[in-house]
Amino acid sequence: MLQKKIRASRRSLGMNYAIREVTVPAAAAAARGLKMYNFNIGDPNKWDFETPEYFKEALRQAVDNTDNGYGDSQGNLNLREAIVDREFQKNGIHIDSGDVYVTSGVSECINVMMGAMIEPGDEVLVPGPGYPSYEQYIRFYEGMPVPYRMIEEEDWKPDIDMMRNRITNRTKAIVVINPNNPTGAVYSEKELRAIGDLAAEYDIPLISDEIYDKIVFDAKFFSLSRLSSDVPRVILNGFSKVNLMPGWREGYCYFMDEKGLMDEVRQGMMKQFRARICANVPCQEAARASLQGPQDYVVDMNRKLKERADFTYRRLNEIPGISTNRSRGALYSFPRVELTDWKTDKDFVFDLINQTGLVFVHGSGFCQEFGQSHFRTILLPPMKMLAEAYDILEKFMRKHQ
Ligand SMILES: Cc1ncc(COP(=O)(O)O)c(C=O)c1O
């Protein structure tokens, strides 16, 4: 009989994904009968955003009409070709279906890419605050995430001087998340070109996460794919947000690397893709259909989100102890909070969950160095629900002033 406890690896126990960490106190609060406001996850389908019917029909048909067997490890060719067209229509760029890799969500792509790029001790520049999976997977592979500051006072624009100052001879890549999770910032073409120039100067590849590229209001989106060819780039995108199919787990990346400087990384990724066999095959068929049918639902989605973003901006700034920038894209706002009665933003968020049922994510979960004294909220709930939640937040904050 086995007597000895089996130890988990240090790297697995070191994983912390703040966005779902808060579900533990939230479940306890719900069990006590509190009405919950789960504002922690950027999942449009939990609110009044529906997967368009024709995507669902494409999935049903794929199940009926295909052999439901395994697919290509790189992704179904017809989906990769649809992605080539999509990227041409959106960004005016020419890529080849051979440059595209289909993954189980962007999450898998981040994991596989970091797995292919990082040797212990390698550094990757990441936005601070930024989407936590980057930092988590860089650490998992024993690399070092090095944050560069997003400047709150300047509409969360990237601090390119800090980016430059933090480059070392171990810097393996620079990550850009645009539109940004958690700040709601959309970067200007000028800022992105400056990042491109810096990357070219130091010969560092760029990784650009553009999963929110069509969720933009009050700003103009510029894709890093449109830079000239001096810097090798990997662009990540997916179907969870713009295409309203988060549970179907489909994402992709493509390489823009004329000189083939990243060929070995691609090889390393491909070896991992073969080992995990393939992304969900019927859902790839639905993802293809979602790119090729009518796109008017996106206009409707952005109209609703803009109204909610405007309300969030106005209402949060009325609450004592809270201030926020205007969200220009993605699904989030990242307000600053005065920590009067709490040591950390995590204490604040957990106290708020326990006392009121309002579930946000602590800012330090998006960057220890530059995320503290903040929390992330979402723009997704209907107006009535947002109003109710922020009334509760105001009452809570007034009690603690
Ligand atoms: C910037 C960013 N990248 C990637 C992801 C993961 O997306 P997926 O559902 O495609 O794994 C998210 C999810 O919130 C995100 O915000």
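Two strands pair if DSSP finds at least two bridges between them. Helices (H or I, at least four residues) and strands (E, at least two) are DSSP runs, numbered from the N terminus.

## The model

This is a predicted model, in which local features need pLDDT of at least 70, side-chain atom pairs count only at pLDDT 80 or more, and totals for chains, interfaces and linings use all residues. Residues are numbered from 1 along each chain as its sequence is written, and side-chain values use heavy atoms, with hydrogens and water left out.

## Overall build

The chain holds 14 helices and 15 strands. Its C-alpha atoms fill a box of roughly 65 × 60 × 50 Å along the principal axes. The radius of gyration is 21 Å, which agrees with the value near 21 Å for a compact globule of 401 residues. That radius is taken over C-alpha atoms, and the globule rule is 2.2 Å times the number of residues to the power 0.38.

Of the 401 residues, 58% are buried. Buried means under 20% relative accessible area, exposed over 50%, and partly exposed in between (1.4 Å probe, protein chains only).

## Surface and charge

The accessible surface comes to about 17500 Å². Carbon and sulfur atoms account for 48% of that surface. The areas come from the Shrake-Rupley method with a 1.4 Å probe; for residues, only the protein chains shown count as cover.

There are 51 positive and 56 negative side chains. Lys and Arg count as positive, Asp and Glu as negative; His and the chain ends are not counted. The centres of the two sets lie 5 Å apart, with each charge placed at NZ of Lys, CZ of Arg, CG of Asp or CD of Glu.

Strands of a sheet pair through backbone hydrogen bonds, either parallel or antiparallel. Eight strands form an open sheet with mixed pairing, in the order S2-S9-S8-S7-S6-S3-S4-S5. Its edge strands are S2 (100-103) and S5 (157-158), each pairing on one side only.

Inside this order, S6 (residues 171-177) and S7 (residues 206-209) run parallel and share four bridges. Val-175 stands opposite Ile-207 in S7. Val-176 has Ser-208 of S7 as its bridge partner. S7 is covered on both faces: Leu-206 and Ser-208 are buried on one side, Ile-207 and Asp-209 on the other.

## The three-stranded sheet

Another open sheet has three strands in the order S11-S15-S14, with antiparallel pairing. S11 (332-333) and S14 (361-362) are its edge strands, and each pairs on one side only. S11 and S15 (residues 375-378) are joined by two bridges. Tyr-332 has Ile-378 of S15 as a bridge partner.

Most residues other than glycine have a negative phi, and most peptide bonds are trans. The bond from Asn-178 to Pro-179 is cis, with omega near -10°. Asn-181 and Pro-182 are also joined by a cis bond, with omega about 20°. Pro-179 lies in the loop between S6 and helix H9 (189-202). Pro-182 has its place in the loop between S6 and H9 too.

Asp-218 has a positive phi of about 60°. This residue sits in the loop between S7 and S8 (233-238) and is partly exposed, at 39% relative accessibility. Arg-249 has a positive phi near 55°. Its place is in the loop between S8 and S9 (251-256), and Arg-249 is partly exposed at 33%.
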